[in-house]
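Student: Could you take a close look at one part for me and walk me through how its secondary structure is laid out? I would be glad of one connected answer.

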Amino acid sequence: MRQLKINLPECDGGSHCAHECEQACATRVFKLDDGRFAALHIQQLASGEASAVICDQCGDCVAVCPTEALKRNKLGVVMIDKKLCVGCYMCVGFCEKGAFERLPDWLEPYKCTACGICVKACPHTALAIVDVPVPAPRII
Amino acid sequence: MTLPEAGSAIPQCTVDFTQRTEYHQGLDAIKAAHKVLKEVSFIPSRPEKGYNGRSLHVDLSSLEVQEKPVTQQMKDLFIGGRGFGLWHLWNAVTPATRWNDPENEIIISPGPVAGITQYPGSGKSLVVSISPQTDIPIDSNVGGYFGPLLKFSGFDALELQGKAGQDVILFIDGQNGIIRVEAAPLEPVDSHVLAEILTRMYAVDEADRPNISVVCTGAAADHSLIGMLNFSWWDKRRGCVRLKQAGRGGIGTVFRDKRIRALVCRGPVVKADLNHPADFETLARTGIKLHKEIRTLDGSQCKMRRNGTAHIVEIMDAYDLLPTHNFQFGSHPDTHRIASDVWEARCSQATVDGCWYGCSLACAKGADGVVLRTGPYRGHTVTVDGPEYENAAGLGSNAGIFDPEWLLELNFYCDTYGICTITYGTLAAFVMECFQRGILNLERTGGLELVWGNAEADLEMMHQMARGEGFGVIAGQGVKKMKELFIANGWGDPKLIQDIGMECKGLEYSQYLSKESLAQQGGYALTNKGPQHDEAWVIFMDMVNKQLPTFEDKAEALYYFPLFRTWFGLNGFCKLPWNDIAPADNASTAEPAKIPEHVQNYLDLFSATTGIKIDKETMLVQSARVYNFQRVFNIRMGKGLRANDVPPYRSVGPVTREEYESRAERYDKQMVEDIGVDPAGKSLDEKIAITRTYRMDRYSKLCDAVYARRGWTADGVPTMARLRELGLDVLPEVVAIVRAHGG
């Protein structure tokens, strides 16, 4: 399955860039001119270490969605069908990575679709789209 | 499948949860036989801040369909849900009305917050009627999609009055604005078949099935007083209809007396904000917070997502609280065979089990691939709901049945026949003890050998109930009427029969052993509708955690918790996400039993939905209005006084010698320390009598303390001062009843 992967030492938590990845995601994917609304987040922790919130397409959200609005596409990426979503946000609450998000103005939540736009935007080539096996569904 | 030994690792359920017997082959012929008796149109609407401002009244006798306004006074005094149900019922009946009079109503109302999809346990419907078992109002809190879909179609409540001349289906189409009463002559009777057929019949296509909810009952509701109502939803993953039950008090029997075969609501496609709340952001934020809490903590707390409420079977046994052999004992060596690890293995785990959208606590477990061994569906493969704790205890240990597969079959047939599992569990246990003590015998049961643990005889009694035959018809009258019959027939010692028949006000006890918890004795017998733990479950606070040492402490608990829990039913909430999950720091709060953070969640949800800011004191006042109104309603119907709050002695202390001996150390110690009597030299019967006098006196003192705390007279009547405090003095008939009874 397609998965967005980050090399944290290369990324450095955004301390030497303008968070181009977040900006590109927010503006080009979600049409919002604010990097805070991206589907990935990088930051430098107080300890100096880099940290990132990134969806790894684990599928936990698929397992808890009551309406089957979340399904893997043929590339293995978890996609949301907004027509089926009832806005319960169990996907948001049950995402251990905090990578399923919502905006106050949107009824449906959103997530990374491993589209790769952020990969191209990263000035340090710290992001990559990789192909990994689909993990077995977890009972949560 | 092979069940694991107790304590072994839990294998994942290997049953294909899509595999089951289907029942829709004859659908076209069944549909073709429908005849439209009445059709009216209405303008579908969506709630504004939780309310549509109108309810729907259907008179099944005249087939008149009427919209009624929801007034500001209704919202102010009764909020919604159970409150609306009681208010509509009050206006429909007279003190002389009994359950099978045409003016009796069944009211279904979801409450203003019901239908939000963000917070677990927010899709409940409250069902109210005059009970065939108690002759007073009964209220039942049920999941499934009907209430929310009704509200999103445009109605805050549905009143069903009158009696149809033939079996009918009431169809409410909230997408097209049509209400139809249809003659339904060929419909199957039992719920698991009927709900599946009707879901497919009224959905325009497969994608429409989640928008359909069916309310129906089963064959036993035609022949008993203990019929319940099933509320359905479409389980998309399993590809079948699931059912939740409005169980207590026989509302299913009223439903069939009105010749209603089913209610079907087709609501709009559900979206996040159909309730049009005042502050959606707070709903979202509060819901996500609880989802995270459940994700993080459920596995180390109650494991509701794995076991549902059955997680407490072994806990109850360990604390000697699991009702065993008709509430005689509190534990059994075979309990491990029906313990939570068995259900965890037996229920499918790789699926979603909420009874309304957004319930991440997901207790509505399903045991799939159950192949039935008896009855009309013998050989069929079915999905069985649960079993919940009440079913495992009531149908299991209380009847001495510890075989999980038989227990599932009992559970299945209760559900599809439309029988309340709690009621059935308690009445079957009573029957078995009567059999043990010679009050019943093979001749009197028509050959049913109802000895402890005989699941096949137990099931045959249930099948008889559904067929309207034999001893099953007698059992289906419930414990109270069985007591009267057995005593009238001279079949045994009347005092013993009264003592061991576990009912109060005509309703059977639910499945907790209250003998050693004075507070729980009150928690059961001081309820409005009859002994059901949804008002006050204080047994652990009192008996295990010793948090209620004085009469005043117990009275405070029996003031606060019934009011707090009433509030769930006003708004369409489930109780379970309140305290079957707790924040990590809950134990360090000032009042951990109240789960303060979750109380705040509920205040926020109410305010965010309705736009009306409330605090925890206002919350209790909202509940107290409805609670006291219901008490006065009981008085109006001829009960509701101190004399009606007296429990059977089995719930208070040891009735028999073997019960005393099973806990002799405890009872002897109480005699020395609390009664001031030396048990040495006393005969067993003398000790039982001394204990009884002491315990019943103690119960009476508890009543005094609770009535005083609730603002009631010594006879249990709300005082005028309490009515004024609550603003109920604006209702002249309520005032007149209270005055007439010295309040």
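Tutor: Read along the sequence, chain A follows the pattern β-α-α-β-β-α-β-β-α-α-β, which comes to 5 helices and 6 strands. Helices (H or I, at least four residues) and strands (E, at least two) are DSSP runs, numbered from the N terminus. The radius of gyration of chain A is 15 Å, close to the 14 Å that the globule rule gives for 140 residues, so chain A is as compact as a globular protein of that length. That radius is taken over C-alpha atoms, and the globule rule is 2.2 Å times the number of residues to the power 0.38.

A word on the source: this is a predicted model, in which local features need pLDDT of at least 70 and side-chain atom pairs count only at pLDDT 80 or more, while totals for chains, interfaces and linings use all residues. Residues are numbered from 1 along each chain as its sequence is written, and chains are lettered from A and ligands numbered from 1 in the order in which they are written.

Back to chain A: along its principal axes, the C-alpha trace spans about 40 × 35 × 30 Å. Of the 140 residues of chain A, 39% count as buried; that term asks for 20 or more other C-beta atoms within 10 Å of a residue's own, with C-beta atoms placed from the backbone. Among the contacts in chain A with a separation of 6 or more, 59% come from residues 24 or more positions apart. Two residues are in contact if their C-beta atoms, placed from the backbone, lie within 7 Å.

Chain A also has a partner: 18 of its residues are in contact with 22 residues of chain B. The side of chain B that touches chain A divides into 7 nonpolar, 9 polar and 6 charged residues. Here Ala, Val, Leu, Ile, Met, Phe, Trp, Tyr, Cys and Pro count as nonpolar, Asp, Glu, Lys and Arg as charged, and the others, Gly among them, as polar.

Strand 14 (residues 366-371) of chain B runs antiparallel to strand 15 of chain B, joined to it by 4 bridges; strands pair if DSSP finds at least two bridges between them. In this pairing, B:Gly366 stands opposite B:Asp385 in strand 15 of chain B.

Key:
Buried ≥ 20, exposed ≤ 12 C-beta atoms within 10 Å, placed from the backbone.
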